[in-house]
Amino acid sequence: MRVSASVNEPFVLSTYSSSQKLAKSASGSKKQRGHPCIFATYEKASGSSDGYATVAAQADGVHVLDISTLHPVISHTLGPSAIFACPAITCNTQEGDDNIYATYAAVASSSDIPAEENGRTIWMWRQSLSGRLEDNISQKKKVALISGLYTCDEMPARILAQSPQSEFTILDADLSIKKNSPAPQDIQSLLRTYCYPRTRDGTWHSYRLEPKDDNSIEPISISGPFGLTGLSFISKASSSEEVSLLSLGSSHVLLSALTDSSAPEIVLLLWDLQYSVLLASQSLPIPSTLSQVKDVTVKLTLVPASSSQALLVLSAHTTDAGRKIEGTSLRSSVLVVPFTCPAKSTIANALGQASSGAKWIAQTASSSVAIPSHDPAKAKVLSTMRAAMEKNLPQAANVAFFEWEKRESKAASEASKNEAGSSQAALSHAFVKDLLTTVIQPSKPANTPYSSEVVKYLLNRKVVSSSMLDGGLLAALRYKNDWQSIDLALGHVIDLSEAEIMESLQYVVARHRSNVVPQDDNAMEVDSVTDVPSLPSFLSLCVSYTTTPPALRSAIRRSLKDVEDIYVILRVLENWTKQWSNRDSKLMPSKKDIVKNPHGICIMKEKEKEGTRDLPSLSNHPPAHAVLRRIQAQIEPEIVFTDDMEQLRGPLEMFAKAHTKAVKEADQDKSKKPLGDWRQRRKQAHEQAGLSIGLYQLEELVL
């Protein structure tokens with residue numbers, strides 16, 4: 001059975017200032033890179049909570065946050081001199097009725113400890129969520145430098161400290177040393193070493209480690225290597241911090257990286273490495289507070305959390321460990337990434353997913369797919385149509401196609417008389433792709449003669465995919481000024497990207513603003529093709545098309561950069577709001593979701609503003625103020641009405657459910673139901689009588 005996989009839109013858990021100096025490690029090695037601006041780890045929680053994230057923010061402190069409420073439950077502010085050597089950890093223990101949380105942090109440097117103890121000190125806090133402080137801060141010196149702190153479910157009362165030289169120290173909950181394992185001197189103690197040339201070609205190798213005998217392990221290749229593309233860490237030098245991997249069990253891996261483009265984004269890709277397919281993806285813009293400083297990149301770190309969530313840490317990074325990051329607005333963030341992942345890798349989940357990851361997999365000469373061959377009839381009609389289009393005779397190409405379609409439909413109709421089947425001509429994916437390429441000719445100039453009849457036929461048959469043409473279907477049709485086909489595509493093509501939809505909307509908005517369609521002497525010859533549609537009609541098609549909110553917001557940011565473009569769209573929305581306000585249906589948001597800005601204009605709260613923070617501000621555009629106030633005047637009565645009606649939800653909800661059930665049962669064909677014996681009929685009648693609602697009245701009782 002197929003199990004769906006998804007990566008939902010991340011949401012911000014917390015942000016911290018990153019304007020401090022990126023400190024060098026305590027070892028003082030010039031080759032050692034500076035510490036990240038923030039660290040994060042995850043701790044399970046009892047009860048209904050999704051767990052806790054422990055965040056160690058450099059030059060700030062240690063904070064424990066509840067992922068369910070997004071609020072800090074424990075905070076320890078240490079001041080600007082505190083620099084952490086590794087992620088802090090939190091352990092939960094039960095003492096009577098109290099949940100005691102112990103937080104441990106390895107300090108690389110601080111004004112509170114001597115210089116010789118830098119990187120060798122662990123600070124501990126024990127605190128109950130009820131607010132009662134159990135113990136004061138405890139410090140313990142360590143013999144070796146600390147590069148990592150770990151806990152293990154099998155040893156709940158133990159802390160494992162690791163040094164850069166692989167020296168391990170086991171401590172109890174009070175930081176008393178229980179065992180010290182010195183760094184190995186004999187090379188034979190290493191289980192396995194893997195070495196690959198640093199070519200940065202993006203090749204992904206995947207292995208599963210299995211025990212070979214009592215003293216060694218053996219790597220087993222999960223699948224053949226494949227190359228990645230479109231990611232910044234592949235092509236840029238010193239960009240290894242811009243990628244992070246997180247194993248989700250079995251052969252599933254979550255990859256986070258920056259895209260290699262002029263306007264890079266953060267992408268989250270959920271891969272099944274056993275079959276080398278992409279199961280789900282999500283993209284989000286780089287926070288503006290991390291993209292303002294030159295020569296400072298974004299360090300990505302994926303941290304495991306619960307079975308359906310991961311933490312994504314975004315922090316500023318520079319290869320110069322002693323560099324001062326200027327600018328007080330530079331901030332690091334911790335995001336929560338919800339996802340759904342199958343328990344194990346199956347062929348059922350991988351089927352049909354090859355195309356979803358095509359843009360991220362590098363194509364090699366050996367992996368190129370041969371051109372599919374068609375049957376003689378299809379090959380002949382394609383050859384005839386190509387010859388006609390080369391002679392600039394699109395009507396002849398139409399005649400050749402529809403004559404073939406008529407013959408094939410007749411043959412299919414005769415065949416369907418003997419056995420069940422379609423009476424229309426069979427259209428395969430490869431054949432439709434070749435037809436579109438032949439008719440549209442995207443590589444030819446825009447003024448090349450073109451006819452849209454074949455394109456409209458294919459769209460009405462719902463056999464067209466946007467990926468059939470390089471650059472997208474809407475871009476190719478817009479290139480030919482075929483807006484009738486674009487309207488059909490928005491109603492019959494299910495895989496149009498948000499980017500190409502917004503690009504088409506921006507084109508319509510630009511023509512609407514100019515209020516005139518320029519005439520070009522070299523305009524193409526198009527039969528039965530209208531000019532650019534009106535903005536209200538095309539905007540209606542866009543908002544009716546099914547999209548994903550994160551991708552749509554990203555596409556809006558890229559395409560609608562001019563405040564005038566947003567203003568003309570706002571005028572259309574004003575007219576729609578006026579029409580809706582005159583109807584009986586009240587579909588506006590409640591008052592708790594609306595606030596007023598300093599200009600006295602109602603806007604959505606911060607949660608909705610996060611997706612539009614990079615759009616031009618209409619509040620600073622004077623012509624938009626009058627329109628915004630008119631929309632506000634239309635929305636406010638709707639909000640009041642919605643709040644009044646919300647109070648009736650509880651008393652009337654049971655009646656609404658009973659009415660819905662009664663209507664549903666009345667619409668069913670009772671003649672197809674077995675009547676059963678008299679006991680079943682009597683029981684059913686009794687249940688229906690209990691659910692029936694007769695006349696009732698509302699009474700007011702005054703005490």
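Reader: Which residues of H3 meet which residues of H5?

Author: In this predicted model, Lys-378, Val-381, Leu-382, Met-385, Arg-386 and Met-389 are the H3 side of the contact, and Phe-431, Asp-434, Leu-435, Thr-438 and Val-439 are the H5 side. Sorted by class, the contact of H3 with H5 has seven nonpolar, one polar and three charged residues.

Reader: What makes H3 roughly parallel to H5?

Author: Helix H3 (residues 376-390) packs against H5 at an angle of about 10°, and their axes are 9 Å apart. Angles under 35 degrees count as roughly parallel, so H3 and H5 get that label. The crossing of H3 and H5 is left-handed.

Reader: And why are H5 and H6 called roughly antiparallel?

Author: Helix H5 (residues 429-440) and helix H6 (residues 453-460) pack at about 150°, with axes 9 Å apart. The cut-off for roughly antiparallel is over 145 degrees, and therefore H5 and H6 fall in that class. H5 passes H6 in a left-handed crossing.

Reader: Which residues do H5 and H6 use to meet?

Author: From H5 come Val-432, Leu-435, Leu-436, Val-439 and Ile-440, while H6 brings Val-454, Val-455 and Leu-458. By class, the contact of H5 with H6 has eight nonpolar residues, no polar ones and no charged ones.

Reader: Where do Leu-436 and Leu-458 turn up in the nonpolar cores?

Author: Both belong to the largest nonpolar core, which has 58 residues. Leu-436 and Leu-458 are listed there with Met-385, Leu-473 and Leu-505 as the residues with the most contacts inside that core. As a general point, nonpolar side chains in soluble globular proteins tend to be buried together.

Reader: What does Leu-458 touch, leaving aside its neighbours within four places in sequence?

Author: Leu-458 is in contact with Phe-401, Leu-427, Val-432, Leu-435, Leu-436, Val-463 and Val-464. There is also a second, separate core of 28 residues, and Val-277, Leu-284, Ile-286 and Ala-316 are included in it.

Reader: How do you know that Ser-559 counts as buried?

Author: Ser-559 lies in helix H11 (residues 549-559). Buried means under 20% relative accessible area; Ser-559 has 16%, so it counts as buried. Neighbours within four places in sequence aside, Ser-559 is in contact with Ala-499, Met-502, Glu-503 and Gln-506.

Reader: How much of the chain is buried?

Author: Buried residues make up 40% of the 703 residues in the chain. The secondary structure comes to 16 helices and 28 strands.

Reader: What makes Asn-481 partly exposed, and where is Asn-481 found?

Author: Its relative accessible area is 25%, so Asn-481 is partly exposed. Asn-481 is in the loop between helix H7 (473-479) and helix H8 (483-492). Asn-481 has a positive phi too, of about 60°, and is not a glycine.

Definitions and conventions
Residues numbered from 1 in each chain as written. Predicted model: local features only at pLDDT ≥ 70, side-chain atom pairs only at ≥ 80, totals over all residues. Heavy atoms only, no water. Axes fitted to C-alpha atoms, helices over the stretch in contact; angles between N-to-C directions. Helix = DSSP H or I, 4+ residues; strand = E, 2+ residues; numbered from the N terminus. Parallel < 35°, antiparallel > 145°, perpendicular 65-115°, else oblique. Left-handed = near helix turned anticlockwise from the far one by under 90°. Contact = heavy atoms within 4.5 Å. Nonpolar A, V, L, I, M, F, W, Y, C, P; charged D, E, K, R; others polar. Core = buried A, V, L, I, M, F, W, Y, C linked by side-chain atoms within 4.5 Å. Buried < 20%, exposed > 50% of the residue type's maximum accessible area, 1.4 Å probe, protein only.
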